[in-house]
Amino acid sequence: MRSLLLLPLLFLPLLTFAVKGYRAGDELHVLALSGVRLRATPGGDKVLATLPYGTKVVVAEVLSPAQPFEAEGRRGFWVKVKNKDQVGYVFDGFLSWLPAPDKSCIDLASYAQKHLKPLGAKFVGHAFGCYNPDEDEIAGSDDTRFFQWGGATIVLSESWYYEGAGEGLSLNGGAGFSLEEGWLLAQAIFKADLDRCVELIAEDPDRVDYNDRPLNAASYQQFSPAKDGTYLELDMLPEGCSDMLIIVFDPQTKTVYISRHSGC
Amino acid sequence: MRILIFLLLLAPQWAFAIKNYSLGQTLNVLALKGLNLRDRPHGDKVVRTLPYGSQVVVAEKPNQDYPFEADGIKGFWVKVRVGEQTTGYVFDGFLSALPAPDASCSSLQDYCRKHLRAFAPRTVKNINQWLEFGQTMDWVQAYEYQNKIFALVENNSPYGSFYELVLPGASLEEAWLIARACLKDELESAKAMVAARTINDDNGLAVQQKHYDQFAAVVFRGFGCVALPLAGIDRYLGLNEADGAVSITVSKKQ
């Protein structure tokens with residue numbers, strides 16, 4: 001009876017946390033662009049080293065009882081990790097199962113092609129919709145490719161339609177993904193774009209997003225999901241066109257979908 | 001985000017036959033009434049009628065010497081071998097490397113399940129965030145057949161639903177033949193419906209009965225598509241091509 005009651009309490013909050021389901025021996029990647037601090041104790045003041053972006057760490061121990069922590073609007077736990085000969089504690093909110101995008105990754109497609117394992121033979125494109133001659137337009141195309149990473153299946157969609165183009169990356173399976181991981185990945189891949197947005201918003205401080213929330217530099221630097229915590233939508237500040245970065249989380253399947261669409 | 005615009009328009013002049021087959025390749029007969037094997041290209045003498053679903057082996061280097069057209073499909077005569085002994089010529093417009101849907105096929109899911117090999121788990125393809133309705137998802141199941149990856153995409157949203165099968169490397173005509181065979185009953189009842197009363201498509205044009213028997217694609221900027229109402233409220237069959245693949249879509253508008 002007691003365990004039945006405890007289960008929901010333990011598992012429900014996990015849905016909104018960062019990287020999930022790792023165990024001792026698993027390899028995780030540092031996805032924070034400024035790196036993470038390796039500390040001598042969980043939450044302690046003594047910093048052993050700063051592990052730079054892209055570092056692989058091996059989980060040495062999942063702490064029990066769990067030691068939750070929160071930083072920059074994201075929740076997570078302290079975890080004991082090993083990096084080469086060093087052992088210490090890091091906040092897991094900036095770690096991910098996913099490999100860190102290298103500098104040459106400028107979009108979701110290049111990230112998938114460079115870092116993930118293609119599943120099966122070369123995949124397919126396809127069209128959707130039939131054209132409307134009165135509008136002089138063709139509906140568009142939506143290509144799909146499958147990739148794998150660890151136990152996860154990752155679907156890349158690249159689409160164009162009559163008024164724009166876009167791409168999406170769906171992260172499924174394995175231990176599941178979080179909105180935070182989606183944002184970490186998007187921050188790394190779209191770094192140049194996000195930096196540009198920070199500069200542009202400084203010149204246009206009255207700008208609001210589609211939900212009428214004021215946009216400021218922090219919008220592009222911090223993890224700030226919509227109220228219910230399942231999606232994050234960022235106006236990428238084009239001139240005269242729409243350009244959106246959207247990250248959506250489905251709690252039931254623990255899937256994260258990152259998409260970038262622009263159109264004029 | 002994704003807007004499906006369906007339209008039926010008359011452009012029967014345009015068509016390609018099966019794409020890219022080669023000498024020695026085994027192909028399937030997708031003509032519902034069977035395919036005549038003749039003694040020579042355009043020949044009068046029928047050696048045999050090859051039933052729907054039977055197989056032929058291409059017996060000459062594919063060429064474009066003898067063009068032909070039937071049921072709105074353009075193609076060429078090609079020499080084929082049937083079994084060990086028999087050779088003759090068939091019109092290639094009703095041949096495909098894709099498996100012929102069996103007699104009990106009644107949906108795209110059915111076709112995939114019976115004729116293709118599923119691999120990888122069924123997966124979320126994308127999550128749609130609707131202002132009014134919250135989230136809906138498109139799911140995708142990957143299938144393999146002859147080293148090509150196929151995808152069956154399912155969608156349900158407050159605006160409707162669809163199943164969409166993506167066939168890499170196929171022609172629009174092959175997709176038409178597969179849809180014809182797999183959705184035979186549904187297309188027949190839609191045809192009967194169109195015969196009984198005027199059915200207008202999205203653009204207010206009357207749908208013609210003959211388009212349930214003949215291939216008639218619209219071509220625009222090099223891409224072809226076919227859209228046909230199915231029996232039932234707001235159900236559509238769509239065929240579309242782009243980027244080296246075609247898709248067959250059965251959609252329902254809410």
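I take helices (H or I, at least four residues) and strands (E, at least two) as DSSP runs, numbered from the N terminus.

**Ground rules.** I am reading a predicted model, where local features need pLDDT of at least 70, side-chain atom pairs count only at pLDDT 80 or more, and totals for chains, interfaces and linings use all residues. Residues are numbered from 1 along each chain as its sequence is written, while chains are lettered from A and ligands numbered from 1 in the order in which they are written.

**B:Leu32.** I found B:Leu32 in the loop between strand E1 (26-29) and strand E2 (35-38) of chain B. Leaving aside neighbours within four places in sequence, I see B:Leu32 in contact (C-beta atoms, placed from the backbone, within 7 Å) with B:Tyr52, B:Arg180 and B:Ala181. The C-alpha atoms of B:Leu32 and B:Tyr52 are 5.4 Å apart, though 20 residues separate the two along the chain.

**Helix H3 of chain A.** I looked up residues 179-189 next: 10 of the 11 are buried, so this helix is largely enclosed by the rest of the structure. Among the buried ones are A:Leu179, A:Gly182, A:Trp183 and A:Ala186. A:Ile247 is in contact with those four residues, and also with A:Tyr231, A:Leu232, A:Val256 and A:Ile258, leaving aside its neighbours within four places in sequence.

**Confidence.** Chain A averages a pLDDT (the predictor's confidence in each residue, from 0 to 100) of 84, and 85% of its residues score at least 70. Where pLDDT is low, the predicted coordinates should not be read in detail.

Methods
Two residues are in contact if their C-beta atoms, placed from the backbone, lie within 7 Å. A residue is buried if 20 or more other C-beta atoms lie within 10 Å of its own, exposed if 12 or fewer, and partly exposed in between; C-beta atoms are placed from the backbone.
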